[in-house]
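Visitor: I would like to learn how to read the features of a model like this one. Could you take me through it, giving the general idea and then the case at hand?

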Amino acid sequence: MGRHRKQPATTVRRSSLIALTGLVPAGLVAVTAAATEATTATNAAVEHDLLPGVDPEPTANLVAAPQAEIVHAEARQSASATPVVKTVALADDRTSADLPAGPLGIPGIAVAAYQTAEQQLAVENPHCGMSWSLLAGIGRVESTHAYGKADAQGNPIKAVYGPVLDGSLAGNNVIHDSDGGDLDGLGSYDRAIGPMQFLPETWHRYAADGNADGVADPQNLFDAALTAGRYLCDGGLNMRDLSQQSKAILRYNNSMAYVANVMAWSGSYSSGLAPKPQDLPQIH
């Protein structure tokens, strides 16, 4: 994710998301419906230590309400559910999803992923107040939403990887391998992975299954969006508070220019108005 570099409102209703599901992964409608009916408030806070000096605050104490019965077995997502963490091998002849583009041309499949994550987080961590547009801001800055090309299941047509963090690129930290190359394909050094650009170690700690297929794949837009939301919300942060929102974004990249870019794109996706050049300072 952006953190590997040293130092880059529209109301969403359930009906608007379901209208996009013609090409959305199987089981996603069930997950969305279950999310709006469930009443369990869970906290996905997990310890992380990759960015010195930017630690999440102690987890907020949330009172868990009784969980509503979920009809669809494949939609039974809970804090105790542990998806398989891996990158799924896919065919090379896949085509991009044919969904209408969202605000400012954002790919429709990316909108569906961000909106689904918003609704799931509204159930499991309502205190956070995560918006789909904030996740879209992160996705825009990190990978331009998987470079604008993902299939109907939310998988990038071409896998997304960041630069190898071996110290050869000025401005980047040196991060030695943390997962044996399982997620990033490298056995010596790490690199950021997927459309939301997570480091392998961080992905393993926060990995979420956003499309209810039993797998937490960092390359998948639905999984990556939900994982990013959990990461930003960690420590009881409230995205409705701009100072707390800034603190959360700094976890991705310890740069105020990065924060400004993410917030600018988030606001633009919410309003439909393109960001002004002065709102997009260069990220070093």
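**Reading a helical packing**

Guide: Buried means under 20% relative accessible area, exposed means over 50%, and partly exposed lies in between, with a 1.4 Å probe and protein chains only. Please keep in mind that this is a predicted model, where local features need pLDDT of at least 70, side-chain atom pairs count only at pLDDT 80 or more, and totals for chains, interfaces and linings use all residues. Residues are numbered from 1 along each chain as its sequence is written, and side-chain values use heavy atoms, with hydrogens and water left out.

Visitor: In which element is Val 141 found?

Guide: Helices (H or I, at least four residues) and strands (E, at least two) are DSSP runs, numbered from the N terminus. Val 141 is found in helix 4. Along the chain, Val 141 and Val 262 are 121 residues apart, yet 6.5 Å separates their C-alpha atoms.

Visitor: How many helices and strands does the protein have?

Guide: The protein has eight helices and two strands, and their order along the sequence is α-α-β-α-α-α-β-α-α-α. Of its 284 residues, 52% are buried. Accessible areas come from the Shrake-Rupley method with a 1.4 Å probe, and for residues only the protein chains shown count as cover. The total here is about 12,300 Å², with 53% of it belonging to carbon and sulfur atoms.

Visitor: At what angle do helix 4 and helix 8 pack?

Guide: Axes are lines fitted to C-alpha atoms, for helices over the stretch in contact, and angles run from 0 to 180 degrees between N-to-C directions. Helix 4 and helix 8 pack at about 120°, and their axes are 7 Å apart. Angles under 35 degrees count as roughly parallel, over 145 as roughly antiparallel, 65 to 115 as roughly perpendicular and the rest as oblique. The angle of about 120° therefore makes helix 4 oblique to helix 8. A crossing is right-handed if the near helix is turned clockwise from the far one by less than a right angle, and left-handed if anticlockwise; helix 4 passes helix 8 in a right-handed crossing.

Visitor: Which residues of helix 4 and helix 8 meet?

Guide: Contact means heavy atoms within 4.5 Å. From helix 4, the residues include Trp 132, Ile 138, Val 141 and His 145, and from helix 8 they include Tyr 258, Val 262, Trp 265 and Tyr 269. By class, this contact of helix 4 with helix 8 has nine nonpolar, six polar and two charged residues. Ala, Val, Leu, Ile, Met, Phe, Trp, Tyr, Cys and Pro count as nonpolar, Asp, Glu, Lys and Arg as charged, and the others, Gly among them, as polar.

Visitor: How does helix 4 pack with helix 7?

Guide: Helix 4 (residues 132-147) and helix 7 (residues 242-252) have axes 12 Å apart, at an angle of about 30°. That makes helix 4 roughly parallel to helix 7, and the crossing is right-handed. Leu 134, Ile 138 and Glu 142 of helix 4 meet Gln 245, Ile 249 and Tyr 252 of helix 7. An α-helix has 3.6 residues a turn, so residues three or four places apart point the same way.

Visitor: What covers the buried residues of helix 7?

Guide: The cover includes helix 4, helix 6 and helix 8. Among the buried residues of helix 7 are Gln 245, Ala 248 and Ile 249. Ala 248 has a relative accessible area of 0%. Apart from neighbours within four places in sequence, Ala 248 is in contact with Leu 232, Leu 237 and Met 239.

Visitor: Which value of phi does Thr 144 have?

Guide: Most residues other than glycine have a negative phi, and most peptide bonds are trans. Thr 144, in helix 4, has a positive phi near 50°. Thr 144 is partly exposed, at 36% relative accessibility. Ala 212 also has a positive phi, near 60°. Ala 212 sits in the loop between helix 5 (200-206) and strand 2 (215-216), and counts as buried at 10% relative accessibility.
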